Amino acid sequence: MSPQGDFRGVTQLTMSDIKIKITDREGLLHEVDAPTDMNMNLMEVVRSYELAPEGTIGICGGMAMCASCQCYIKSNHTLPEKSDDEEAMLSEAFFVEENSRLGCQIHMTPELDGLEVELAPEEA
Ligand code: FES
């Protein structure tokens, strides 16, 4: 869907969903629908589809304080800048790459349709 929208009489629900490709920690690719109208972030999307075992992601509840939601951004989407909190957490986390982000800091917006991410390994 283009940022201008692709209105062809589809339902409201469909219009507010975007597609995201998530590679889990086992290397399996999942293509999921994520709502953009529920104020969800990427960590919550991963949890809602149970793509990482309970207790291994979202440990701090999305406060940018644990890095359990770290993921690698694989597509060329322009994401919002990192906050100071996110920068600070990523500077202490393991397995950090150039394209690392904290999933809990990435909110689902229509611009992110087609986003491709990979979950970083578990730290523990
Ligand atoms: S859930 Fe803890 S940093 Fe994202």
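Colleague: In this predicted model, is Arg-47 buried or exposed?

Modeller: A residue counts as buried if 20 or more other C-beta atoms lie within 10 Å of its own C-beta atom. Arg-47, which has its place in helix α2, has 20 other C-beta atoms within 10 Å, and therefore this residue is buried.

Colleague: Leaving aside its neighbours within four places in sequence, which residues is Arg-47 in contact with?

Modeller: One can look at distance along the chain and distance in space separately: Arg-47 and Cys-69 are 22 residues apart in sequence, while their C-alpha atoms are 9.8 Å apart in space. For contacts, the cut-off is that the C-beta atoms lie within 7 Å. Once neighbours within four places in sequence are left aside, the residues in contact with Arg-47 are Ile-57 and Gly-58.

Colleague: Which element gives the most residues to the largest nonpolar core?

Modeller: The largest nonpolar core has 23 residues, and those with the most contacts inside it are Leu-42 and Val-46. At least two residues of this core are supplied by each of β1, α2 (42-48) and β5 (115-119). The element that gives the most, with four residues, is α2.

Colleague: Not counting residues up to four places away in sequence, which residues does Val-46 touch?

Modeller: Val-46 is, together with Leu-42, named as having the most contacts inside the largest nonpolar core. In soluble globular proteins, nonpolar side chains tend to be buried together. When residues up to four places away in sequence are not counted, Val-46 touches Ile-22, Leu-51, Ala-52, Ile-57, Gly-103 and Leu-119.

Colleague: Which residues form the covered face of β1?

Modeller: Strand β1 covers residues 17-23, and its residues can be sorted by the face to which they belong. On the uncovered face stand Asp-17, Lys-19, Lys-21 and Thr-23, whereas the covered face consists of Ile-18, Ile-20 and Ile-22.

Colleague: In what sense do β1 and β2 pair?

Modeller: Asp-17 stands opposite Pro-35 in β2, and the bridge partner of Ile-22 in that strand is His-30. Over seven bridges, the sense of the pairing is antiparallel.

Colleague: Which are the edge strands of the five-stranded open sheet?

Modeller: The order of the strands in this open sheet is β2-β1-β5-β3-β4, and the pairing is mixed. Neighbouring strands are turned by 40° against each other on average, with direction ignored. An edge strand here pairs on one side only, and the two that do this are β2 (29-35) and β4 (100-102).

Colleague: What pattern does the protein chain follow along the sequence?

Modeller: Its secondary structure comes to three helices and five strands. Read along the sequence, these follow the pattern α-β-β-α-β-α-β-β.

Methods:
Residues are numbered from 1 along each chain as its sequence is written. This is a predicted model: local features need pLDDT of at least 70, side-chain atom pairs count only at pLDDT 80 or more; totals for chains, interfaces and linings use all residues. Two strands pair if DSSP finds at least two bridges between them. Axes are lines fitted to C-alpha atoms, for helices over the stretch in contact, and angles run from 0 to 180 degrees between N-to-C directions. A nonpolar core is a set of buried Ala, Val, Leu, Ile, Met, Phe, Trp, Tyr and Cys residues joined through C-beta atoms within 7 Å. A residue is buried if 20 or more other C-beta atoms lie within 10 Å of its own, exposed if 12 or fewer, and partly exposed in between; C-beta atoms are placed from the backbone. Two residues are in contact if their C-beta atoms, placed from the backbone, lie within 7 Å.
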